[in-house]
Amino acid sequence: MNIIPTKETPPTLIRTNKFTEGFQNIVDAYGVGSYREVNPALFTIITFPFLFAVMFGDFGHGFVMFLFALLLVLNENHPRLSQSQEIMRMFFNGRYILLLMGLFSVYTGLIYNDCFSKSVNLFGSGWNVSAMYSSSHSPAEHQKMVLWNDSVVRHSRVLQLDPSVPGVFRGPYPLGIDPIWNLATNRLTFLNSFKMKMSVILGIIHMTFGVVLGIFNHLHFRKKFNIYLVSIPELLFMLCMFGYLIFMIVYKWLVYSAKTSRAAPSILIEFINMFLFPASETSGLYVGQEHVQRLLLAVTALSVPVLFLGRPLFLLWLHNGRSCLGVSRSGYTLVRRDSEEEMSLLGSHDIEEGGNQMDDGCREARCEEFNFGEILMTQVIHSIEYCLGCVSNTASYLRLWALSLAHAQLSDVLWAMLMRVGLRVDTTFGVLLLLPVTALFAALTILILLIMEGLSAFLHAIRLHWVEFQNKFYVGAGTKFVPFSFRLLSSKFNDDMA
């Protein structure tokens with residue numbers, strides 16, 4: 001076997017099995033990874049069905065999807081499935097993706113406590129209604145609290161539970177959301193706040209993980225300067241702004257209780273004031289908040305010029321210190337196609353290994369022209385895209401909240417328009433009417449909530465991985481490895497002749 005030195009990037013071969021093939025196809029649809037670039041398909045196996053399930057959180061719908069995928073998996077060797085029509089063949093090829101999507105949807109449905117738009121009371125509610133009656137409290141407590149009596153219960157259309165009254169709130173529900181919220185008139189308001197904050201937290205963690213994966217790319221391709229001049233400033237920019245937002249959300253959850261909830265400041269106002277430097281002092285979440293926020297803003301402001309100018313200036317300094325930057329190693333010269341950065345990189349690799357003498361390959365290799373303006377413009381565009389993308393991408397993860405609420409409301413409307421009408425009919429005609437109503441409810445559930453809503457959540461999960469996650473570290477500019485085959489060669493010749 002002869003090793004032929006070349007500047008061409010080797011093609012990429014990623015070995016898959018029947019389980020990982022579907023997830024790898026999702027990544028390859030965006031772009032084939034460069035040779036030895038970090039492959040996001042490994043992490044997509046978990047993050048993709050999870051983000052889908054956040055938008056599709058329903059125990060009943062997820063279980064139906066899981067059973068359908070399990071049926072395909074158990075009968076995967078049946079010849080009719082692999083040779084079926086195009087739509088059914090697409091479901092068959094993605095059977096393991098559907099299996100995990102359904103399984104994760106069962107989990108998120110338990111967290112949302114949502115099963116065909118109804119809640120399931122498995123462990124008993126943590127709210128006690130009887131503790132709101134005035135007869136169970138002393139006269140001194142009557143003056144401090146708004147309690148119920150027989151007149152209030154009879155004449156009030158809406159009754160409000162006060163968690164600050166002793167004995168009303170006995171502790172959180174063991175798993176997920178308390179089922180009593182399904183009866184509350186402000187259920188949508190509560191879920192809005194909960195799912196919006198959850199979406200922001202999941203999105204920032206997902207994007208930060210993408211920036212961290214870029215560090216492994218730089219380490220493998222021996223671009224250590226990119227870690228200090230690109231990755232670390234990106235992490236500081238992300239964490240000092242949006243990581244601090246996660247801290248404020250969690251801090252407010254932990255510190256403020258039902259008794260002190262009226263004194264709790266708004267996180268949105270506090271986060272906006274962080275950038276406005278208000279003249280009037282705000283109440284703040286904690287002592288010394290103003291000094292911490294100014295420090296975080298200073299770190300954010302200092303990371304921006306490093307992100308814009310760090311790598312171009314370092315490559316310029318590296319270029320001026322070398323006479324020829326081409327080095328032949330490991331059978332090929334370049335690992336990727338960005339020529340200026342790679343040539344500078346190979347020169348810095350010699351410096352790190354202490355190689356002072358240039359071999360014969362360097363003399364034969366042609367020195368490519370170093371264009372500082374092009375490198376600077378590329379880095380500026382990348383930095384502007386990243387800084388603005390931190391804001392827009394974080395807002396883009398709010399689709400987790402929006403689609404989750406839309407799915408829950410569609411499920412609720414379908415139940416109210418069909419099943420509730422059928423169950424309220426008297427016993428004489430109720431049995432005869434309930435059978436077609438149930439059949440229509442099942443058909444609309446499969447067509448609208450499983451297929452249409454499932455496809456919508458699937459496409460949004462793909463977008464979150466392609467745009468918000470993979471653009472932090474994944475270039476996808478490689479070439480897929482295709483083994484030599486006389487059959488493919490003859491078809492190639494036929495295409496050229498045509």
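This is a predicted model: local features need pLDDT of at least 70, side-chain atom pairs count only at pLDDT 80 or more; totals for chains, interfaces and linings use all residues.
# Loop, helices, pocket and cavity

Reader: Where does F116 lie?
Author: F116 is part of the loop between α6 and α7. Helices here are DSSP runs of H or I with at least four residues and strands are runs of E with at least two, numbered from the N terminus.

Reader: What is the phi of F116?
Author: F116 is not a glycine.

Reader: Why is F116 neither buried nor exposed?
Author: Buried means under 20% relative accessible area, exposed over 50%, and partly exposed in between, with a 1.4 Å probe and protein chains only. F116 is therefore partly exposed, because its relative accessible area is 25%.

Reader: How far apart in space are H61 and F116?
Author: H61 is located in helix α3 (residues 59–74), and H61 is buried because its relative accessibility is 1%. In sequence, H61 and F116 are 55 residues apart. In space, their C-alpha to C-alpha distance is 6.9 Å.

Reader: Does N113 count as buried or exposed?
Author: Because its relative accessibility is 6%, N113 counts as buried.

Reader: Which residues line the largest cavity?
Author: On a 1 Å grid over the protein atoms alone, a cavity is a set of points where a 1.4 Å probe fits but cannot get out, whereas a pocket is an open set with protein on both sides within 12 Å along at least five of seven lines; lining residues have an atom within 4 Å of a point. The search of the whole structure gives one cavity of 30 Å³ or more. By class, its lining has four nonpolar, three polar and two charged residues. The lining residues are Y112, N113, S119, I177, D178, W181, N182, R187 and L191.

Reader: What volume does the largest cavity have?
Author: Grid points are joined across faces, edges and corners, and a volume is the space filled by probe spheres set on the points. On this basis the volume of the largest cavity is about 40 Å³.

Reader: Which elements give two or more residues to the lining of the largest pocket?
Author: The largest pocket has a volume of about 2,000 Å³. Its lining counts 44 residues, with W127, P163, W181, N186 and F190 nearest its centre. The elements that supply two or more lining residues are α9 (187–220) and α10 (224–255).

Reader: Which element gives the largest share of that lining?
Author: The lining of the largest pocket draws at least three residues from each of domain 1 (19–126 + 174–315 + 373–489) and domain 2 (127–170), with domain bounds from an automatic or database domain assignment. The largest share is five residues, and it comes from α9.

Reader: How many residues of that lining are charged?
Author: Ala, Val, Leu, Ile, Met, Phe, Trp, Tyr, Cys and Pro count as nonpolar, Asp, Glu, Lys and Arg as charged, and the others, Gly among them, as polar. The lining of the largest pocket has 26 nonpolar and 11 polar residues. Its charged residues number seven.

Reader: How far apart are the end C-alpha atoms of residues 228–251?
Author: UniProt, in an unreviewed entry, lists residues 228–251 as a "transmembrane region", along with others including 198–216; its positions follow the numbering used here, feature names are shortened, and annotations may be inferred rather than shown by experiment. Residues 198–216 are 100% helix and 0% strand, with end C-alpha atoms 28 Å apart. Residues 228–251 are also 100% helix and 0% strand, and the distance between their end C-alpha atoms is 31 Å.

Reader: Which cysteine sulfur is nearest to that of C387?
Author: A disulfide is a pair of cysteine sulfur atoms within 2.5 Å, and the whole structure has zero disulfides. C387 is in none, and at 6.4 Å the nearest cysteine sulfur is that of C390.

Key
Residues are numbered from 1 along each chain as its sequence is written. Side-chain values use heavy atoms; hydrogens and water are left out.
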